[in-house]
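Take a look at the chain below. Keep the view open as you read.

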Amino acid sequence: MQERLKALLNKVVELWNKYTKKQKAIILSTIGVVVIMIVLLVYFLGRTTYVRWQVYDDLVKVQAVDEALTQAGIAHKIGDDSATIYVDSKKTVQANIAVINSPAMSDGRMSWSDMLDNDMSTTNADKIQKNAVYFQGSLEQQIEGLLGVESAKVSYIPIDRTATILDEEKDIQCSVSLRINSEFKNSAAEGIATYVANALGNRSLDTVKVIDQYGNLLYNGPEDEDTASLSKQMAMQKEVSDFYREQMIAYGLQLGYDYAEVVPHLEINYDQVEIYQQQYFPAEGSEQGLYSSFKQIQSENSGQGGDVPGTDSNDENDYMLQTGGTGRSSYDETQAEYLVDNTITKTIKESGIVDKTASSMSIVLKRLRTYTKDDLERLGQLEGTTWEDYIVNNRELKTLTLDPAILTAFSNATGIPESNLSILLYEIPEYLEEVEEGFNWNLLLTIVLFIIIIALLVFVVFRVSKPAEVVETEPELSVEKLLATTKENQSLEDIEFSEKSETKRLIEKFVDENPDAVAQLLRNWLSDDWG
C-alpha cells in the first residue's frame, strides 16, 4: 500500500514538474481564489436566518427555555425585550420538541418521580401533601388542554379521609382559576367543575368554584331550578347570537368585502307547545254522540177527597158540603250533556326557537380600495392638488349604494325578513406610497461568485492543457562576430574617411542592412538581463 502511495506521489510530482513556473503560479492562484469563493458561498448560503418563535412574560421561563435550546444544539437568540426568543427558521419543529421535553415546561409542577421520592423521614402528612401537589399539576394540565383555556391553576387543601369515618363524608374545598380567551364558552365552566369534583372524590359540586382572569365567577355551585333555567337561557342566547354573527361575517367576506360587522337582536322563544286533540265517536248504530252526563226524573201522584180535618165534621151542618172525589198528577224531566271534540294545549319550558319575524339584525360591510399616485394621475384626480393634500382630503369612509340583491341574499341566509335587516356599505380608501423593492444583493453576489469560479476553472484547464509553443531561437551573435562578418563582406568602395570611428560606422551599416539580426540580438540581451 505504501509503495502504491509512493508511486502515485511520484506521478503527481512528475506531472507538476512538467509545468512551467508561470503555469504553476496560475494554478496555485486559481486554487486560492476558488477556495476563497467557496468559503464566501458557504458563509452567505449557510448563514442562519432567525424567525420569531415564542414570547414569554416570565424571565425565569425565558432562561429555562434558553438552556433547553442550548442543550439541544439549536441556534437561537433572545430579543432586546428579554421576552422574545428567535430560533433558526429551519429548526422550529425541533425547538418545540426540545422545549416540551425539558423542565422548562414543567412550570414548577411536581413530577411522578418526585412524588415517589420518599424516605424514612417522610411522614404520612408529607405524603398526602406531595400527592396533592402532584395531583393539582395533573388537573391543571388536563384543564389547559381544553378549548379556550390558556392556563389553569387548581388550589385545594387535601383531607386525610383515612383518619376517621366522618372524614369520608367531607368534600374538599377547591378553587379553579382560569386564563381564558375568546374561544372559551361559559357553559364549559360547569363541565370543568364537574371534572374537578369527580377527580377529588366529592359527592357534589357545592365546594368547587371557578373564576377567570378578570375575576368573573364562572361557576358557583349548583343553582336552583329557576336560576339554572335563566342561566341556561342566557347562555343559549349568547351561543345562538354568536352563531348567527359568525355565519353572517363569513358570508359577508365571501361576497368580496374585506371587513364585516354584525350585531344581531334575536327573539328566542324558550317555550315549546305540545298540542293534544281528543275526538269522541258515537256508538255503532247510534245517531247521537256520547253523553258526558245524563239525568232523567219521573213522578206520578193520585188522591181522594174527605171531610174537613179536625172536629168540625162532628157538628151538624145546615148546608151541603162537597167532601168526596179523587185526583191524579205526574212529573217527567230529562237532563243530558254530550261529549264534543276539543283541543288541550300544554306548554313546556324548553330551549329555544328563534322567532325570525320578531328578530332583527344590523350588518356593516366594508371594502378596502387601494390607490397609488400613478393611478390617481391617470384618472386626473391630482389636477390642481398634490398627492399629500389629496390623501388628507379623502381619507374618510365613503358610503356605497346598497344593492337590493345583497339585502335579499342576507334575508334568505338568515330567514329574517328584509324589513328587519339594516345593511350599510362603506369603502375604506388606502393610499400606498410607491416603494422601490430592495435589490437582492445576496443573490447577485452568489451568481457573480459562481460565474467567477467557473470562469477561473475554465481558464486554468485551457491554459494547462494548451501545448507550449516551441520557438526556435537563433544562435546568439556577439558584437565581435557581427563586426567580423560585416568586415568580410565590406568592399573597399564602401570605406570612407570621416570623423566617425570605424566601429561605429560598421555598426550603423549592419543595422541598416540586417534589421532582423539586430532585433534578434536585442531579444537575446533582454532575455539575459530580465530572465
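## Basis

This is a predicted model, in which local features need pLDDT of at least 70 and side-chain atom pairs count only at pLDDT 80 or more, while totals for chains, interfaces and linings use all residues. Residues are numbered from 1 along each chain as its sequence is written, and side-chain values use heavy atoms, leaving out hydrogens and water.

Helices (H or I, at least four residues) and strands (E, at least two) are DSSP runs, numbered from the N terminus. Two strands pair if DSSP finds at least two bridges between them.

## An open sheet

Start with the open sheet of 3 strands, whose order is E1-E3-E2 and whose pairing is antiparallel. From one strand to the next, the twist averages 30°.

E2 and strand E3 (residues 84–88) run antiparallel and are joined by 3 bridges. In one of these strands, E3, Val87 is the bridge partner of His76.

## Helices on the sheet

Helix H3 (residues 59–71) lies across E1, E2 and E3. H3 runs at about 160° to E2. Such angles run from 0 to 180 degrees between N-to-C directions, with axes fitted to C-alpha atoms, for helices over the stretch in contact. Contact means heavy atoms within 4.5 Å.

Helix H4 (residues 92–100) also packs on the sheet, where it touches E1 and E3. The direction of H4 makes about 30° with that of E1.

## Two sides of H4

Which residues of H4 are buried? They are Ala95, Ala98 and Val99. Buried means under 20% relative accessible area, exposed over 50%, and partly exposed in between (1.4 Å probe, protein chains only). Seen down the axis of H4, the buried residues fall within an arc of 95°, so they line one face of the helix. That arc is taken from the directions from the helix axis to the C-beta atoms.

The cover over these buried residues includes E1, H3 and E3. The face of H4 turned away from the buried side carries exposed Val93 and Ile100.

## Around strand E5

Strand E4 (residues 149–156) pairs with E5 in the antiparallel sense over 7 bridges. Val149 stands opposite Ile180 in E5. E5 also pairs with strand E6 (residues 208–211), in the parallel sense over 4 bridges. Ser177 has Ile211 in E6 as its bridge partner.

Side chains alternate along E5 (residues 174–180). Cys174, Val176, Leu178 and Ile180 point to one face and are buried.
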